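Subject: Structure for your review

Dear colleague,

Please find below the structure that I am handing over to you. I would be grateful if you could read the notes with the coordinates open.

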Amino acid sequence: MVSINTFKLWTEYVQNKVQSGGTMSTSQFNENCFRAMMMPYEKDYQTYTKTGTVSEYLKTFLVTDYVRQVSQAEPILAYPTDNQHITSVGTYYNGKQTPADRIENTMWRDMLVSQLYPATLRFPKFQETGSGIEFAPKNVGTVYLDYFRTPKRPVWGYTPVNNRPVFSQALSTDMEIDEFAFNNVSAYFFSFVGVNLSDANIAAFATAFKQETNMIL
């Protein structure tokens with residue numbers, strides 16, 4: 001985790017040093033922080049879809065065995081509120097996890113009447129819909145999913161004092177990034193405000209920032 005206040009002081013430090021970037025509102029700063037986190041997130045997710053390899057960055061947001069119950073009366077499982085990408089879905093058969101086959105929406109009705117590859121408790125199937133995940137057969141019971149959750153939105157919160165914003169940790173949400181991802185996320189943030197820096201530039205600024213402020217990035 002990186003303190004949102006430290007990140008704000010850090011970005012202001014760099015923008016002052018390069019005399020670029022201008023000013024932004026608190027809401028703009030918070031939004032740019034979230035966007036900067038999502039850029040490597042989506043990039044790493046695209047790599048995951050091609051290779052199956054989960055990056056160190058994505059591991060932070062991987063939720064496994066989100067177990068819920070579905071019934072014949074309610075065969076659609078609502079998505080987790082923090083879901084970003086579903087990675088795997090399955091049920092339990094004879095006490096063991098059984099992966100469910102994903103069926104494209106256009107093929108779902110054909111699958112339901114298929115005599116060749118019917119959905120069974122041993123070989124369950126699912127489709128993703130706008131309202132949730134629908135299972136077949138409808139009486140699968142206990143289901144599980146693994147998914148990448150959405151990072152928590154960073155918030156630099158404050159209270160007004162003499163008409164000036166004063167940082168409040170109680171009203172803030174820190175950034176869900178580790179040290180190894182700090183430079184990458186910073187680079188995206190700076191690019192959003194018109195400051196384009198190389199990795200070497202960012203590393204040099206980070207070293208100077210820590211020496212001058214005694215803050216930990």
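The notes that follow cover the nonpolar cores, the sheet and the salt bridges. Please bear in mind that this is a predicted model.

Nonpolar cores

The largest nonpolar core has 36 residues, of which Phe-7, Trp-10, Tyr-57, Met-175, Ile-177 and Phe-189 touch the most other members. At least two residues of this core come from each of α1, α2 (26–51), α3 (56–59), α5 (179–192) and α6 (199–213). The greatest contribution is that of α2, with 9 residues. Ile-177, leaving aside its neighbours within four places in sequence, is in contact with Met-1, Val-2, Met-37, Tyr-57, Phe-182 and Val-185. Another core, of 13 residues, lies apart from the largest one and has Tyr-66, Ile-86, Ala-100 and Val-140 among its members.

Sheet

An open sheet of 4 strands runs in the order β2-β7-β6-β5, with mixed pairing. Its edges are β2 (76–77) and β5 (101–102); each has a single partner strand, so one side of each is left without a neighbour in the sheet. The partner of β2 is β7 (residues 133–136), paired in the antiparallel sense over 2 bridges. Within this pairing, Leu-77 has Ile-133 in β7 as its bridge partner. Helix α4 (residues 105–112) packs on the sheet and touches β6 (125–128) and β7, its direction making about 150° with that of β6.

Salt bridges

The count of salt bridges comes to 6, and three of them are described here.

Lys-8 and Glu-12 meet through their side chains at 2.6 Å, N to O. Both belong to helix α1, where being 4 residues apart separates them by about one helical turn. Lys-8 counts as buried because its relative accessibility is 15%, under the 20% limit, whereas Glu-12 is partly exposed at 34%. Beyond its neighbours within four places in sequence, Lys-8 is in contact with Phe-29 and Trp-156.

Arg-153 forms a salt bridge with Glu-31, with 3.0 Å between the closest N and O atoms. This pair links distant parts of the chain, 122 residues apart: Arg-153 is in the loop between β8 (142–149) and β9 (158–161), and Glu-31 is in helix α2. Arg-153 is partly exposed, at 46% relative accessible area, and Glu-31 is partly exposed at 35%.

The side chains of Arg-149 and Glu-176 meet at 2.7 Å, N to O. Arg-149 is in strand β8 and Glu-176 in the loop between β10 (164–167) and α5, 27 residues apart. Arg-149 is buried at 14% relative accessibility, and Glu-176 is buried at 9%.

With kind regards

Notes:
Residues numbered from 1 in each chain as written. Predicted model: local features only at pLDDT ≥ 70, side-chain atom pairs only at ≥ 80, totals over all residues. Heavy atoms only, no water. Contact = heavy atoms within 4.5 Å. Core = buried A, V, L, I, M, F, W, Y, C linked by side-chain atoms within 4.5 Å. Buried < 20%, exposed > 50% of the residue type's maximum accessible area, 1.4 Å probe, protein only. Pairing = 2+ DSSP bridges. Axes fitted to C-alpha atoms, helices over the stretch in contact; angles between N-to-C directions. Salt bridge = Lys/Arg side-chain N within 4 Å of Asp/Glu carboxyl O.
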